[in-house]
Amino acid sequence: MQLIADSGSTKVDWRAILDDGTVKKIATEGINPVFLSEEAIIDILEKNLVPEIGKGVDKVWFYGAGVLPGEPTDKLKACFKKVFPNSETNASSDILAAARALCGKKAGIACILGTGANSCFYDGETATSNVKAGGFILGDEASGAYLGKKLISDFIKGLLPKAIEQEFVKRYNLDYLAIVQKVYKEPLPSRFLASFSPFIYEFRNHPHIATLLKTSFDEFLRRNIIHYDYRRYDVNFVGSIAYYYKDILEKCVMANGMRMGKVLKGPIDGLVEFHKEA
């Protein structure tokens, strides 16, 4: 049995490829090796995963946020070895997951546009170059957190059109001090900022929000994708922002002289196909 994981900090999408080729879906709470102890990771696996699939796992392919070289990866491998003693464990970043899901075994440019943003050039096996994402403060252009940051910034500076501002106040009941508290004092500010994506989507056709979206997508392309060989290779995307704003994103891609490739909401099903063929 092969076990594939697409992990964020809040949720893991698992797919177990059984020996007869059928695929079983499982979901558990998130596993980020940077923040979770070995004991906590093992507890999630034992309580939520083993009852669903047993311990007959031959290979584990774990992709996710926080999968960094060194201690985090070593920790993950140790946990899987304890829970599935006969398994071979592979742990890789979420950008490699995106590349394999989008491009398979062909070369291409792979991008993540979800809560965060990232990109790479993929040679058909591995990510050979990667423009540093920078996080939502220094980069992550066009991510959910970045769009939310721009919306909130316009709100606190009185730049939102009156109709949008009134609806925002009515819906969220947030004042300046509450916003500062959530962004600068509380954990996971990027998730808080990204939580406004549905509101942005609702007003996507308003000229102000349409401009916010277009300029954000242009910034992502001009600050990240410009560094890759975009004249030769399509630009492919995975993530909720790319998926729900595909029409606007595609226009920006074309306007910047690039070619739009595949767009997926999430990588997990593409990863299943990749590893079935491996």
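Buried, as used here, means under 20% relative accessible area, exposed means over 50%, and partly exposed lies in between (1.4 Å probe, protein chains only). By that rule Glu273 counts as partly exposed, because its relative accessibility is 44%. The model is a predicted one, in which local features need pLDDT of at least 70 and side-chain atom pairs count only at pLDDT 80 or more, while totals for chains, interfaces and linings use all residues. Residues are numbered from 1 along each chain as its sequence is written, and side-chain values use heavy atoms, with hydrogens and water left out.

Helices (H or I, at least four residues) and strands (E, at least two) are DSSP runs numbered from the N terminus, and two strands pair if DSSP finds at least two bridges between them. Five strands form an open sheet of mixed pairing, in the order E3-E2-E1-E4-E5. Strand E3 (23–29) and strand E5 (88–93) stand at the edges with a single partner strand each, so one side of each is left without a neighbour in the sheet. From one strand to the next, the twist averages 15°.

Strand E1 (residues 2–7) runs antiparallel to strand E2 (residues 11–17), to which six bridges join it, and parallel to E4, again with six bridges. Individual partners can be followed across these pairings: Ala5 has Trp14 as its bridge partner in E2, Asp6 stands opposite Asp13 in E2, and Gln2 stands opposite Lys59 in E4. Six of the six residues of E1 are buried, so this strand is largely enclosed by the rest of the structure. In a regular strand the side chains alternate between the two faces of the sheet. In E1, Gln2, Ile4 and Asp6 point one way, whereas Leu3, Ala5 and Ser7 point the other way.

For the packing of helices, contact means heavy atoms within 4.5 Å; axes are lines fitted to C-alpha atoms, for helices over the stretch in contact, and angles run from 0 to 180 degrees between N-to-C directions. Helix H1 (residues 38–53) packs on the sheet and touches E1, E2 and E3, its direction making about 160° with that of E3. Helix H13 lies across E1, E2, E3 and strand E4 (59–64), and runs at about 150° to E1. Glu273 belongs to H13, which spans residues 268–277; its C-alpha atom is separated by 32 Å from that of Ala255, 18 residues away along the chain.

| Strand pair | Bridges | Residues between the strands |
|---|---|---|
| E6 (residues 108–113) and E7 | six | three |
| E7 and E8 (residues 127–129) | two | four |

Both pairs form hairpins, and in the turn between E7 and E8, Gly124 has a positive phi of about 105°. Ile109 stands opposite Phe121 in E7, while Tyr122 has Ala127 as its bridge partner in E8. Strand E7 (residues 117–122) is mostly covered, six of its six residues being buried.

## Cores and aromatic pairs

A nonpolar core is a set of buried Ala, Val, Leu, Ile, Met, Phe, Trp, Tyr and Cys residues joined through side-chain atoms within 4.5 Å. The largest one has 47 residues, and those with the most contacts inside it are Ile109, Leu113, Phe217, Phe220, Ile225 and Phe237. Helix H10 (residues 207–223) gives the most to this core, with six residues. Apart from it lies another core, of 25 residues, including Val12, Ile31, Ile41 and Ile42. Leaving aside residues up to four places away in sequence, the contacts of Phe220 include Leu113, Ala117, Glu141, Ile225 and Phe237. Ser216, also in H10, is buried at a relative accessible area of 0%, and with the same exclusion it touches Glu141, Ala142, Tyr146, Leu147 and Lys150.

Rings of Phe, Tyr and Trp (its six-membered ring) pair if their centres lie within 6.5 Å, with planes under 30 degrees apart counted as stacked, over 60 as edge-to-face and the rest as tilted. The count by this rule comes to 18 aromatic pairs. The rings of Phe168 and Tyr172 have centres 5.0 Å apart and planes at 50°, so this pair is tilted. These two residues are separated by about one helical turn, because they are four residues apart in helix H6 (residues 162–172). Phe168 is buried at 0% relative accessibility, whereas Tyr172 is partly exposed at 25%.
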